[in-house]
Amino acid sequence: MAKFLKSPDYIFEASWEVCNKVGGIYAVLSTRAKTLQDMLQDHVIFIGPDCWGDKDCPFFEQDDSLLASWRQVAAREGLFVRVGRWKVPGKPIAILVDFKPFYQMKDHIYTRLWELYQVDSLHAYGDYDEASMFSYAAGKVVESFYKHEIPCTKKVIFHGNEWMCGLGLLYIHHAIPQIATIFTTHATSIGRSIAGNNKPLYDYLSGYNGDQMAQELNMQSKHSIEKQTAKYVDCFTTVSEITNRECAQLLEKPADVVLPNGFENDFVPQGAIFARKRREARRTLIHIANALIGTRYTEKDDILIASISGRYEFRNKGIDVFIDAMNRLRTDENLKKDVLAFIEVPGWVSGPRGDLQRRLKRDGNYRNALQQPEITHWLHNMDQDQVLGMMRSIGFDNTQAGHVKLIFIPCYLLGDDGIVNKPYFDVILGNDLCIYPSYYEPWGYTPLEAVAFKVPCITTDLAGFGLWVNSECGHYSEILEGVKVIHRTDSNYNEVADAIKTTVEEFAAFDEKRVKAARHHAEMISRKALWGKFIKNYLRAYDFALRRMEERLKEI
């Protein structure tokens, strides 16, 4: 008989990305919110940073009628918060906390953290202080709300995401031991740093010592808070088995529960709206290419549109091998279609190109390319940018004949960039193929989003999503099955570039029937990752944390 799972009456969940769209964790939390809201009916409360100053947060709808009596108590305790709802499906309650007042207490907070949990904050730099003061403020919010608003008989969980929430979790662990704590690392800070510094992470993982590498890479403080939080919370979690191996080696603590990232597909248009948006997206991308490069593609041309997107992590996200693969395709006689390839990662943008904007305002045939026809926006660091640097080094400037044109769109696609002027989800469905050849990717939200829009994709088995797809298929998945998973190691860069090239060739040769099959299979894969299916892992984590908390209380 299955064990009865303990479930919480209240969940507080904190992240730097609550109502703050700066990375992939925003997608994880915002899509999961509706499932939790349906379960707990306003007893799930998200806590994020009030980092907007006098500006309105576009993701947050303030409601002064919510938690009004507690807000007055919190203000008397020195907690300055805004309460409202997160403007995502489910519209859960969100608390944005002003963490700046706690800077004056920083040294005392860090000293106490060392005394209680041996967290080394002496080597802090960059965003460590900002994140830690937010984390501490979030912990104080949970403490205040628990003391004043929640009966002592209720089961309560505080869930923090990433090292940025570690301090608050440890504060609650000590100050309110009746609250069960969960810590999720979406990527170990030291593992990401090893990979980002071009060191071989996987072949030598068993030989790495996390503390030693943190000292070598000047990551002592971030690594310390992450390691100690993982050690002391009631339930330590991560997002994939591949990242769990990192945790066991580098943090010396394997996850208690693995929590794969699901999503909700209610933002995916259906039927005639989907078809219309796909046509509009393709029309926009083709128009940009023609105006920039001087090509004369039309919507009726049988061209293949492909892209890579995500954070600007040149090696970790596989942007380098994507460029290389597109270069190898340029003069490939086996390629049956012309390819328009886009790199959609945010760089240091100074503004949209005026010459390109002027061309886009008029339809027509363009006789020649603009200057630097490989980029849509000017950058502050044109000479130092890694994408442009690699394209220059291999002579990929879109002025030569070839089957492939490669265009860098270096901005967040929010609908107001001045060139594309469409949000990302209205652009992605114009693709025929998405390519994410990641070297370091604990999960991989971008390929999951792609398949939700019926766009087949290429990923690797160094991505948690790729490993999950293989486990669902029972073998290395192929592109006809919706996702091509390429084997990637520390040392097979050339094989990965060739595998991408070969897969694009294969897909470009598909007849209409096989394209439809691949698109259908892609969508079916995405449906297996809905939160309705993955939330069971969170229920296990909640149960684990609550039982561990009860054991702790017996020892106090």
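A: Let us start with exposure: a residue is buried under 20% relative accessible area, exposed over 50%, and partly exposed in between, with a 1.4 Å probe and protein chains only. The model is predicted, so local features need pLDDT of at least 70 and side-chain atom pairs count only at pLDDT 80 or more, while totals for chains, interfaces and linings use all residues. Residues are numbered from 1 along each chain as its sequence is written, and side-chain values use heavy atoms, with hydrogens and water left out.

Q: Is Phe267 buried, exposed or partly exposed, and why?

A: Phe267 is partly exposed, because its relative accessible area is 28%. Phe453, in turn, is buried, because its value is 0%.

Q: How is a pair of aromatic rings described?

A: The distance of the centres and the angle of the planes describe such a pair. Rings of Phe, Tyr and Trp (its six-membered ring) pair if their centres lie within 6.5 Å; planes under 30 degrees apart count as stacked, over 60 as edge-to-face, and the rest as tilted. The whole structure holds 31 aromatic pairs. In one of them, the ring centres of Phe267 and Phe453 are 5.7 Å apart and the planes stand at 45°, so the pair is tilted.

Q: Where in the chain do Phe267 and Phe453 lie?

A: Helices (H or I, at least four residues) and strands (E, at least two) are DSSP runs, numbered from the N terminus. Phe267 is in the loop between β9 (257-258) and α10, and Phe453 is in the loop between α15 (445-452) and β16 (457-460). The pair links distant parts of the chain, 186 residues apart. By way of another case, the rings of Phe465 and Trp468 have centres 5.9 Å apart and planes at 35°, so this pair is tilted. Both residues lie in helix α16 (residues 464-473), 3 residues apart, about one turn of the helix, and both Phe465 and Trp468 are buried.

Q: What is Thr181 in contact with, leaving aside its neighbours within four places in sequence?

A: Contact means heavy atoms within 4.5 Å. With those neighbours left aside, the partners of Thr181 include Phe158, Leu169, Val233 and Ala545. Thr181 belongs to strand β7 (residues 180-185) and is buried, because its relative accessible area is 0%.

Q: Which ring does the charged end of Arg330 sit over?

A: A charge sits over a ring if NZ of Lys or CZ of Arg is within 6 Å of the ring centre and within 35 degrees of the ring normal. For Arg330, the ring is that of Phe396, with the charged end 4.2 Å from its centre.
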